[in-house]
Amino acid sequence: MKKWVKVAALLVVVLALGLAAGCGGNAQKSAEGDTIKVGVNFELSGDVATYGTSCKNGILLAFEEINANGGVLGKKIEPLVQDNKSQNREARNIAERFVSEGVVAVLGPAVSGAVQTEEPVLTAAKIPVLAPAATAPEVTYDEKTKKVKDFIFRVCIIDPDQSQVMANYIYDVLGLKNGAIMVDKNNDYSVGLGETFKEYFTKKGGKIVAEEGFVSTDTAFKPQLTSIYSKKPDFIYVPAYYNQVGLIIKQAREMGIDLPIMGADGWDSPKLVELAGADNLNNCYFTNHYSVEDPSDLIQNFIKAYEKKYNTTPDAFAALGYDTAYLLAKAIEQAGSAEPEKIQQALENIEDFEGVTGKLSYDEKHNPIKEVSIIKLENGKQKLIKKMQPKH
Amino acid sequence: MPDLLQQLLNGLSQGSIYALIAVGYTMIYGIIQLINFAHGDVIMVGAYVALGCALKGLGFIPSLAVAMLTCAILGVLIERVAYRRVRPVSRLAALTSAIGVSLFLEYIMMYFLGADLRTYPAGFFPERTYSLWGITINNKDLLVLGTTLVLVLILQYVIYRTRTGKAMRAVSFDGQASQLMGINVNSTVAITFFISSAMAAAAGLLYGIYFNSVQPLMGLMPGLKAFIAAVLGGIGSVPGAMLGGILLGMTEALVAGFGGSMYRDAVAFIILILVLLIRPTGLLGKGVQEKV
């Protein structure tokens with residue numbers, strides 16, 4: 001009996017502490033103190049760990065450089081890094097914690113779904129969110145209510161830009177006319193890219209001869225691939241995350257399907273080569289935000305600094321993370337204050353911000369207009385083929 | 001026509017993996033009427049152990065052996081710690097305990113090794129592809145099918161031709177009576193866990209190689225599918241599990257290959273419900289009359 005009383009008492013104490021922690025913070029939402037606190041909320045483990053890890057690395061490198069040069073407005077930036085484990089719910093929990101810790105802005109997460117889950121919490125608290133890699137159009141703009149989500153800004157291009165550029169490249173440059181599409185039906189990013197690609201490609205006069213879907217937990221893709229191959233397409237468009245794309249390409253090549261396979265920025269991960277095998281990736285193309293082969297000084301200096309710090313070549317997510325951090329610093333400087341609402345206004349008025357991933361100004365939907373790079377894989381190495389401007 | 005054959009072949013190799021897992025489920029159910037939900041996670045542990053060996057530079061066969069032995073010991077340990085004491089109390093208690101073990105294994109792996117996807121080192125299993133009459137076969141398909149067949153044959157021999165097998169059958173028929181006849185029930189159950197977990201490790205390595213990916217939740221879905229396969233074939237029957245696994249794999253491949261890729265999992269679970277409604281003893285299960 002006594003034991004139960006003890007347990008119950010303990011539970012009550014724990015609950016009370018939890019409540020106190022939950023409610024206490026909200027009041028301290030300003031930039032008092034000698035550092036500027038910034039929330040860094042990324043996928044550091046789980047399904048899409050390489051996206052989040054790269055973004056975070058890029059961000060931390062940028063903040064280190066900024067702080068070494070005296071910080072912003074005379075204050076150092078203090079990044080609070082949290083791992084959302086590639087789970088949307090966890091991303092939201094972290095956002096709530098950030099609000100109570102008094103951050104002035106939140107950077108991340110990487111994928112669109114997670115950003116959309118955390119957004120209501122931060123909009124309610126009037127804290128701006130900078131999403132380095134959330135490419136789905138609805139992240140910043142609500143189609144139903146025709147309203148822009150004021151506190152969200154993205155640094156990357158949007159998905160329809162990627163599918164448009166890829167459709168143009170395949171039809172005009174490669175001259176392929178019959179395509180097959182394979183998308184992850186659980187994933188808005190993948191479904192959205194598939195739909196817009198079909199739209200652009202058929203508008204140009206191409207034909208989609210096969211469409212297949214899969215779910216995120218699938219590992220066996222040979223049935224779908226067999227069915228696609230029997231319809232005799234000239235190429236397969238697979239806009240999905242690297243963990244599935246790797247398996248799909250490997251299984252396709254195992255079945256003797258040597259068609260070109262195309263995709264989008266979700267392919268950009270060192271894991272893709274491990275999963276698919278370098279040889280299998282020949283004759284594969286994807287659209288991306290930047291390329292390490294770009295000769296401009298800004299890009300090459302970034303690559304050198306990144307390689308020195310992390311001993312690996314920065315992928316597009318690292319570059320986007322780096323730009324995101326500098327964009328925030330510039331906004332704080334322009335606002336002349338580190339108050340969240342002033343930062344939000346400064347972001348709205350950013351013009352021609354020069355980043356590693358291109359020049360950035362916002363359109364009325366908080367979407368940057370930038371060039372899209374087309375990358376070809378050769379023996380597991382990325383080669384920049386072309387940069388193309390999407391038409392709006 | 002080649003399409004159909006190719007799809008059946010796709011299903012056959014997927015089904016052999018299900019079969020190998022289902023055999024483990026069915027053995028344990030046969031002997032202690034427990035649906036061992038942790039079985040899928042033993043597969044995952046097996047895949048990780050083999051991965052560890054592979055990264056240390058061991059070849060395919062030694063890695064398989066180490067993984068099988070480690071998991072066999074893990075299986076016995078799980079039975080000793082989590083099931084032995086609750087088994088006599090109620091079936092539900094043991095089932096709940098099994099779910100607990102499953103979650104424990106998943107999250108302990110996630111804690112220590114992270115949730116990242118890992119792959120076997122290149123060249124660990126040299127792959128080759130053959131083409132015959134418009135059908136492509138990979139040597140992984142043959143490996144999976146062959147391993148499953150050999151292991152099931154060995155198992156049949158052990159169960160029907162050895163003293164240990166006789167004891168296992170006696171315990172599964174009537175535990176108390178066999179105890180009165182001088183059979184050590186606890187050690188017989190331990191042996192069953194030893195064998196079924198070793199087979200789970202083999203399945204884990206095959207699954208890991210077949211899809212070239214290893215992660216802490218990898219055992220979840222194949223575990224559930226194998227459970228369906230075991231029920232379909234008649235839970236408690238080893239040939240039934242083999243048949244159920246292959247049938248399920250082929251059904252899935254046909255469904256996914258002919259336009260229904262979104263319904264692949266749904267179809268599998270509908271099969272489970274239908275079998276339970278129409279023929280709860282499965283295809284090869286014996287109709288057991290309730291003892292009065």
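Which residue in the turn of the hairpin formed by β15(A) and β16(A) has a positive phi? What we are looking at is a predicted model, in which local features need pLDDT of at least 70 and side-chain atom pairs count only at pLDDT 80 or more, while totals for chains, interfaces and linings use all residues. Residues are numbered from 1 along each chain as its sequence is written, and chains are lettered from A and ligands numbered from 1 in the order in which they are written.

Let me begin with chain B, which has eleven helices and two strands, where helices (H or I, at least four residues) and strands (E, at least two) are DSSP runs, numbered from the N terminus. Along the sequence, the pattern of chain B reads α-α-α-α-β-β-α-α-α-α-α-α-α. The radius of gyration of chain B, taken over C-alpha atoms, is 19 Å, close to the 19 Å from the globule rule (2.2 Å times the number of residues to the power 0.38) for 292 residues, so chain B is as compact as a globular protein of that length. Its C-alpha trace spans about 60 × 45 × 35 Å along the principal axes. Of the 292 residues in chain B, 52% are buried, meaning that 20 or more other C-beta atoms, placed from the backbone, lie within 10 Å of a residue's own.

The two strands of chain B, β1 (residues 129-132) and β2 (residues 135-138), run antiparallel and are joined by four bridges; strands are said to pair if DSSP finds at least two bridges between them.

Turning to where the chains meet, the contact takes 25 residues from chain B and 28 residues from chain A, with two residues in contact if their C-beta atoms, placed from the backbone, lie within 7 Å. On the side of chain B that touches chain A, the elements giving two or more residues are α1 (2-32), β1, β2 and α10 (238-260) of chain B, and the largest share, five residues, comes from α1(B).

In chain A, there is an open sheet of five strands, with parallel pairing and the order β2-β1-β3-β4-β7. At its edges stand β2 (76-83) and β7 (152-154) of chain A, each with a single partner strand, so one side of each is left without a neighbour in the sheet. Strand β1 (residues 35-42) of chain A pairs with β2(A) in the parallel sense over eight bridges, and there A:V40 has A:V81 as its bridge partner in β2(A). The path from β1(A) through α2(A) to β2(A) is a right-handed β-α-β crossover, which is to say that, with the strands pointing away from the viewer, the path from the first strand over the helix to the second runs clockwise.

Finally, back to the opening hairpin. Seven bridges join β15 (residues 372-378) to β16 (residues 381-388) of chain A, and these strands run antiparallel, with A:K386 in β16(A) as the bridge partner of A:I374. Two residues lie between β15(A) and β16(A), and the residue we asked about is A:N379, which has a positive phi of about 50° in the turn.

Note on methods: Buried ≥ 20, exposed ≤ 12 C-beta atoms within 10 Å, placed from the backbone.
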